[in-house]
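Subject: Structure handover

Hello,

Here is the structure I said I would pass on. My notes follow below it, sorted by topic.

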2 protein chains.
Amino acid sequence: MPRRDHMGPPWWHGRFRGHGYRITVAREAILDVLSQTEEHLSAEDVYLTVHKSYPNVGLTTVYRTLELLVHIGLVFKFDFGDGRARYELSEGPKGTRHHHHLVCTNCGRVIDYTDFIDDEIELLGRAEKGLSDKFNFRITNHLIQFYGLCDRCQKKT
Amino acid sequence: MPRRDHMGPPWWHGRFRGHGYRITVAREAILDVLSQTEEHLSAEDVYLTVHKSYPNVGLTTVYRTLELLVHIGLVFKFDFGDGRARYELSEGPKGTRHHHHLVCTNCGRVIDYTDFIDDEIELLGRAEKGLSDKFNFRITNHLIQFYGLCDRCQKKT
DNA sequence: ATGATAATGGAAACCATTTTCAATAGCAAT
DNA sequence: ATTGCTATTGAAAATGGTTTCCATTATCAT
């Protein structure tokens, strides 16, 4: 049940058209699920949620759509080390805040944080410029992740 | 053919014993392969190389040993997005230089860089402290990766 | 040398993701 | 609305890196 807030076509339609992609029910539903959550959903998570409203949307389509969304930069794909990829909207109408992840290597818990992001962004900006100059590499994206033990897992030791 | 440079037991024996792990031919061979290369080897890569000198070491053991090495912090495990994990010695007798990766999202090429590392390390230090204070998270490791198009792949467009 | 048990390897299992392919649906042009 | 071209889809099968099983072997403290 995609919602439009009574405001005409969703904000991402233009982005789709620009790439020559068609707008389909499955794609609307998947994008809707992603924009509705704060979690780091796996392909199967997305599939299960979409499946409630659209039982005829298959897992294959979810994988294909997520890949497409990553490709056009609407979605970030993460690997938290548990053997399945996780997906997150990279931006939204409300302008999802840029954040990074803290991954517990024991229980797999993932904490989003936005602290220090400003410093990081500044550093990344400098590094990106330097690296693209030196290696003639056109940087489009970056990943920062911290690993360690969350509070709960420290106690268990 | 593990080499000792005529200097008594390899530097990592202590690390093994400290964790209660036994020292075996397979483990020596695997560690040797890792310390002999500058590349980002996959488990299979390691297996194939080890296999030349020790045909009786199985792929399963390679996976198990690599996991063990990651666990005790001797090896870093990376995901460059090509569906197979890559392994790198985290430190060595010579003190392998800390570096990060530049991953080409088109051809998969990976470039190591050490530039800006000092800035990054400084930032990471601050971030780690702040994050462990705020979330009571004991940070043991971090990952920074840049993605983009390498020079060769930019031309193709 | 001995024994307790950690480590091993080959085969089978696992499981997230991808591929195949015939059927369907989006959309520009009519 | 209708048509035609072709992108998209879903179900099932295939893929392929990684893990698990389990009987055998090797390590190392005693």
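Please keep in mind that this is a predicted model.

**Chain A against chain B**

The contact draws on 37 residues of chain A and 37 residues of chain B. The size of an interface is often given as the accessible area lost when the parts come together. For chain A and chain B that buried area is about 3,500 Å², and carbon and sulfur atoms give 68% of it.

Polar pairing is found here as well. There are 17 residue pairs in polar contact across the interface of chain B and chain A, counting pairs with both residues at pLDDT 80 or more. On chain B, the elements that each supply at least two residues of the side touching chain A are β4 (100–104), β5 (110–113), α5 (117–135), β6 (138–149) and α6 (151–156). The largest share comes from β6(B), with 12 residues. Sorted by class, that side of chain B has 19 nonpolar, 8 polar and 10 charged residues.

The rule also finds 4 salt bridges across the interface of chain B and chain A. One salt bridge between the chains joins the side chains of D119(A) and R126(B), with N to O at 2.8 Å.

The two chains also share strand pairing. Strands of a sheet pair through backbone hydrogen bonds, either parallel or antiparallel. Strand β6 of chain A (residues 138–149) pairs with β6(B) in the antiparallel sense, over 11 bridges.

**DNA strand D**

There are 21 residues around DNA strand D, and those that come nearest are N56(A), T61(A), R64(A), Y63(B) and R84(B). Of the atoms of DNA strand D that come within 4 Å of the protein, sugar and phosphate account for 66%.

Which elements each supply at least two residues of the surface near DNA strand D? They are α2 (25–36) and α4 (59–71) of chain A, together with α4 (59–71) of chain B. By class, this surface has 6 nonpolar, 8 polar and 7 charged residues.

Three contacts with phosphate oxygens of DNA strand D may be worth a look on screen:

- R27(A): a polar side-chain atom lies 2.7 Å from a phosphate oxygen.
- N56(A): a backbone N or O atom lies 2.5 Å from a phosphate oxygen.
- G58(A): a backbone N or O atom lies 3.1 Å from a phosphate oxygen.

**DNA strand C**

DNA strand C has 21 residues around it, and Y63(A), R84(A), N56(B), T61(B) and R64(B) come nearest. Sugar and phosphate make up 63% of the atoms of DNA strand C that come within 4 Å of the protein.

The surface near DNA strand C takes at least two residues from each of α4 of chain A and α2 (25–36) and α4 of chain B. Its classes are 6 nonpolar, 8 polar and 7 charged residues.

- R22(A): an N or O atom in the side chain is 2.8 Å from a base nitrogen of DNA strand C.
- T60(B): a polar side-chain atom lies 3.3 Å from a base nitrogen of DNA strand C.
- R64(B): an N or O atom in the side chain is 2.4 Å from a base nitrogen of DNA strand C.

**Within the chains**

In chain A, 3 strands form an open antiparallel sheet in the order β1-β3-β2. β1 (41–42) and β2 (75–79) of chain A are the edge strands, each pairing on one side only. β2(A) and β3(A) run antiparallel and are joined by 5 bridges, and D79(A) has A85(A) as its bridge partner in β3(A).

Chain B has 3 strands in an open antiparallel sheet, also written β1-β3-β2. There, 2 bridges join β1(B) to strand β3 (residues 85–89) of chain B, and the bridge partner of L41(B) in β3(B) is Y87(B).

Over all chains, the count comes to 16 salt bridges by this rule. One pairs R86(A) with D45(A), their closest N and O atoms being 3.7 Å apart. This pair links distant parts of the chain, as R86(A) is in strand β3 (residues 85–89) and D45(A) in helix α3 (residues 43–53), 41 residues apart.

Regards

How values were computed:
Residues numbered from 1 in each chain as written. Chains lettered and ligands numbered in written order. Predicted model: local features only at pLDDT ≥ 70, side-chain atom pairs only at ≥ 80, totals over all residues. Heavy atoms only, no water. Near = heavy atom within 4 Å. Polar contact = N/O pair within 3.5 Å; in protein donor to acceptor, adjacent residues only side chain to side chain. Helix = DSSP H or I, 4+ residues; strand = E, 2+ residues; numbered from the N terminus. Nonpolar A, V, L, I, M, F, W, Y, C, P; charged D, E, K, R; others polar. Contact = heavy atoms within 4.5 Å. Buried area = accessible area lost by both parts, 1.4 Å probe. Pairing = 2+ DSSP bridges.
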